[in-house]
Amino acid sequence: MFKRIDYYAGDPILGLMDKFFADPNPNKVNLGIGIYYDEVGEMPVLDCVKVAEQRIADPIAPRPYLPMAGLPGHRKACQDLLFGKEAQALQENCIATIATIGGSGALKVGAEFIHEWFPQSKCYVSDPTWSNHIAIFAGCDIEVGSYPYYDNATSSLKFDEMIDFFEKLNKYDVVLLHPCCHNPTGMDLTQAQWDTVLDVIKQRELIPFMDIAYQGFGQDMDSDAYAIRKAVDMNLPLFVSNSFSKNLSLYGERVGGLSVVCPSADEAERVFGQLNFTVRRIYTSPPSHGGHVVDIVMNDELLNQQWVSEVYGMRDRIKTMRLTLKSVLETKLPKLNFDYITRQNGMFSFTGLTPQQVEQLQSEFGVYMVSNSRMCVAGLNDSNVDYVANAMAEVLK
Ligand code: PMP
């Protein structure tokens, strides 16, 4: 009876990890998956998280089910970080926020909600985007299209084409946007460009869905949320999915949030109820451990300050690696332009290598990046950056 079931080819990025681990090359470097590794190539446990873990462990408490929407302190943490503590929309109870199973869970619950309450809406994602965006929305029976975003040939944004595209969309079509640290290109809009995008969204009555998985890795916590806060100031309806996987280095705990900004408190209450019902139908309630870590770190003033500086430490180390990579490549290949490496933000650099060059990097040098040429810069460190730059220079010759 199961013979008709298709084989699953596996996820290209997760599959790359398996290939990396199986590679016997002693010099191999993993620049595939979007994970931050520290200067010795290890995934950090943040000091603020260690304190939270100690508090959770002493005394060891019972584990009741959480509410469908997760811990109130987790929800508040999402709201304060995304919208700013003083946001008027928060004070007026116009934002419905639930804690979710990572950023992926937020996207899933948001997409289910859109499918149910805005069944005519199509969803448009940037070309290129994180491939799971397409899978998650299409998996909720939403038609997914893409809008022009990035020009590989010039390593720059297709901004005018993007605006022209948005101007042709229909009322309530969803546009999925990355407020900072675009995945996979690392190329973000300027604040002036965001203003233009949001004006078009307002005129055309589109629904912005902002997915923020790298807050703090771009400029700073507030600037990275510029697009979100500007949309709220403009009274736009807005969906925001956020992830704490990277900025709390809590990947496996699966912590994130979904917020829907509504025009009134009454509408926010209705939306909040339906988000709860959506969660109930899928998984009832989120897991508690990561939620407690988020609650403790983010709502304790001192731990929160410590957290911000730890995130900025990760951000700055990535920026240093960009500079080193660029300078070695420029020395090796003076005729080529590598400015894009430092123009891009966050964990990723879109290198523009061809699939053949990416393959050659893998087979000859054990340097792993995604076949679309996305490199996770957070996998570079002082011990491997020269090796990677030399390998890249070899395949680019
Ligand atoms: N959105 C983007 C743009 C991402 O890069 C990621 C993680 N790779 C997610 C959402 C999902 O985050 P999480 O791992 O918390 O599910």
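**Close-up views of a predicted model**

**View 1.** Helix α5 passes helix α6 in a right-handed crossing, a term used when the near helix is turned clockwise from the far one by less than a right angle. Helices (H or I, at least four residues) and strands (E, at least two) are DSSP runs numbered from the N terminus. The model is predicted, with local features requiring pLDDT of at least 70 and side-chain atom pairs pLDDT 80 or more, whereas totals for chains, interfaces and linings use all residues. Residues are numbered from 1 along each chain as its sequence is written. The axes of α5 and α6 (residues 131–139) lie 9 Å apart, at an angle of about 35°; axes are lines fitted to C-alpha atoms over the stretch in contact, and angles run from 0 to 180 degrees between N-to-C directions. On the α5 side, Ser104, Leu107, Lys108 and Ala111 meet Asn132, His133, Ile136 and Phe137 of α6, with contact taken as C-beta atoms, placed from the backbone, within 7 Å. Four of the residues in this contact are nonpolar, three polar and one charged (Ala, Val, Leu, Ile, Met, Phe, Trp, Tyr, Cys and Pro are nonpolar; Asp, Glu, Lys and Arg charged; the others, Gly among them, polar).

**View 2.** Residues surround the ligand. Among them are Gly34, Gly102, Gly103, Ser104, Trp130, His178, Asn183 and Asp211, together with Ala213, Ser243, Ser245 and Gly256; a residue counts as near if its C-beta atom, placed from the backbone, lies within 6 Å. Helix α5 (residues 102–117) contributes the most to this shell, namely three residues. The shell comprises nine polar residues, two nonpolar and one charged.

**View 3.** Two cis peptide bonds are shown, one from Asp127 to Pro128 and one joining Asn183 and Pro184. For Asp127 to Pro128, omega is near 5°, and Pro128 lies in the loop between β3 (123–127) and α6. For Asn183 and Pro184, omega is about 20°; the loop between β7 (174–177) and α8 (191–204) holds Pro184. Asn183 also belongs to the residues around the ligand.

**View 4.** Asn93, although not a glycine, has a positive phi of about 55°. The loop that contains Asn93 runs between α4 (88–91) and β2 (95–101).

**View 5.** The protein chain as a whole has 15 helices and 13 strands. Its radius of gyration, taken over C-alpha atoms, is 21 Å, close to the 21 Å that the globule rule gives for 397 residues, so the chain is as compact as a globular protein of that length. That rule is 2.2 Å times the number of residues to the power 0.38. Along the principal axes, the C-alpha atoms fill a box of roughly 60 × 55 × 55 Å.

Notes:
Two residues are in contact if their C-beta atoms, placed from the backbone, lie within 7 Å.
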